[in-house]
Amino acid sequence: MDGKILVTGGAGYVGSHVAMALADAGLVPIILDDFSSSSRAVLPRLSALAGRTVEHVEADVRDTAALRKLFHDHPIAAVIHCAGLKGVGDGETRPLAFWDVNVGGTMALAEVMGEAGVARLVFSSSATVYGQPESLPVGEDAPLKPNGVYGRTKRAAEDFLRDLTRANPNWRIALLRYFNPAGAHPSARIGEAPLGRPDNLVPLLCRIAGGGFGELAIFGSDWPTEDGTGVRDYLHVQDLAEGHLAAIRFLATAPGATAFNLGMGRGWSVLEVVRAFEAACGRRIARSFVPRRPGDVACYYADPARAEALLAWRARRDLDAICADAWRWQLAGGGY
Ligand code: UFG
């Protein structure tokens, strides 16, 4: 492909793995990040892994002047838009920031892409747009009923992007709805680096097994699932990153906006994840049951058939690989 691929939020957890997957495929990523929730230290690691300098621009995705300069200075062929605020709990206390960054940031980016004549966009969305699913597995045409602020900002950004493609058929947009990304690059040089005590299950298991983070509080033992704990569709971040590459290729020929579920297509309970993690790290995870976490749902997992059919993509790495790579990353320090 001629030109560079802009990865907004490219220093973050998903974005850094996406940038790496692009470089591995011989494409040229350029990262935009403001490092508000990521580390500059990821950049030299990416360059070392890629075997050449991975370029970056430091700016906020809402900064249209900085975006205009970036598109002027670099030949951009397509954009993968990962920049945004995430976190179900965090969104509830900071609605203004979440709407401004997630929706306003997407609008600012689209405005400048339009001016620059760049029409191919892959958007980081989330399975949280579905809320409590009515049936399983969850297909892309399931109703979008997000439970909270975070999910509503993702749904609004999706709606906005669909409106763009309706008004101007030049736009080609893939809306990637991530299920539960976990794991790390097998090199253990890049991975998820949450600040403080992580909210998500796998990074929390890493910290607990590493010591100093107490025990795992399992949110609920009375869910209507086989063992009473919540069931989710965990997918390896490397598989997720490869899904973005497949989406970029798909957009070479596909007009309009298309949503894709990126998941394994099956679920694992919290206890199954804990056992797989214990096997990977060779340590016992101390745990206890506590009441359900507000806003949680019992069970969901993806129907990834559309991604398989149209993107020729499927998640190939299993839960054991997720746990082994997450633990290797933790042993290497688990951060930057
Ligand atoms: N869990 C615990 N204890 C913990 C943390 C999690 O029991 O300390 C359980 C949860 O109840 C759930 C499962 O582990 O059953 C996974 O929880 P995560 O917080 O890791 O993930 P969620 O499915 O709640 O949320 C994730 C992302 C969101 C995203 C959502 C939907 O964190 O950003 O998936 O895609 F919106």
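Of the 32 residues that form the largest nonpolar core, L22, I80, V122, L176 and W313 touch the most other members; such a core is a set of buried Ala, Val, Leu, Ile, Met, Phe, Trp, Tyr and Cys residues joined through side-chain atoms within 4.5 Å, and buried means under 20% relative accessible area with a 1.4 Å probe, protein chains only. At least two residues of this core come from each of β1, α1 (13–24), β4, β6 (172–178), α8 (237–250), β11 (256–262) and α10 (305–311), with α8 giving the largest share, eight residues. Apart from it lies another core, of 29 residues, including L6, V61, L121 and L175. The model is predicted: local features need pLDDT of at least 70 and side-chain atom pairs pLDDT 80 or more, while totals for chains, interfaces and linings use all residues. Residues are numbered from 1 along each chain, and side-chain values use heavy atoms, without hydrogens and water.

Helix α5 deserves a look of its own. Its 22 residues (95–116) reach 31 Å from first C-alpha to last, close to the 32 Å expected at 1.5 Å a residue, a span taken as 1.5 Å times one less than the number of residues. At G104, α5 bends by about 30°, the angle between axes fitted to the seven residues ending there and the seven starting there. The buried residues of α5, among them F98, V101 and L109, pack against β1 (4–8), α3 (64–73), β4 (76–81), α4 (88–93), β5 (120–126) and α6 (149–167). After α5 comes G117, with a positive phi near 75°.

Key:
Helix = DSSP H or I, 4+ residues; strand = E, 2+ residues; numbered from the N terminus. Buried < 20%, exposed > 50% of the residue type's maximum accessible area, 1.4 Å probe, protein only. Contact = heavy atoms within 4.5 Å.
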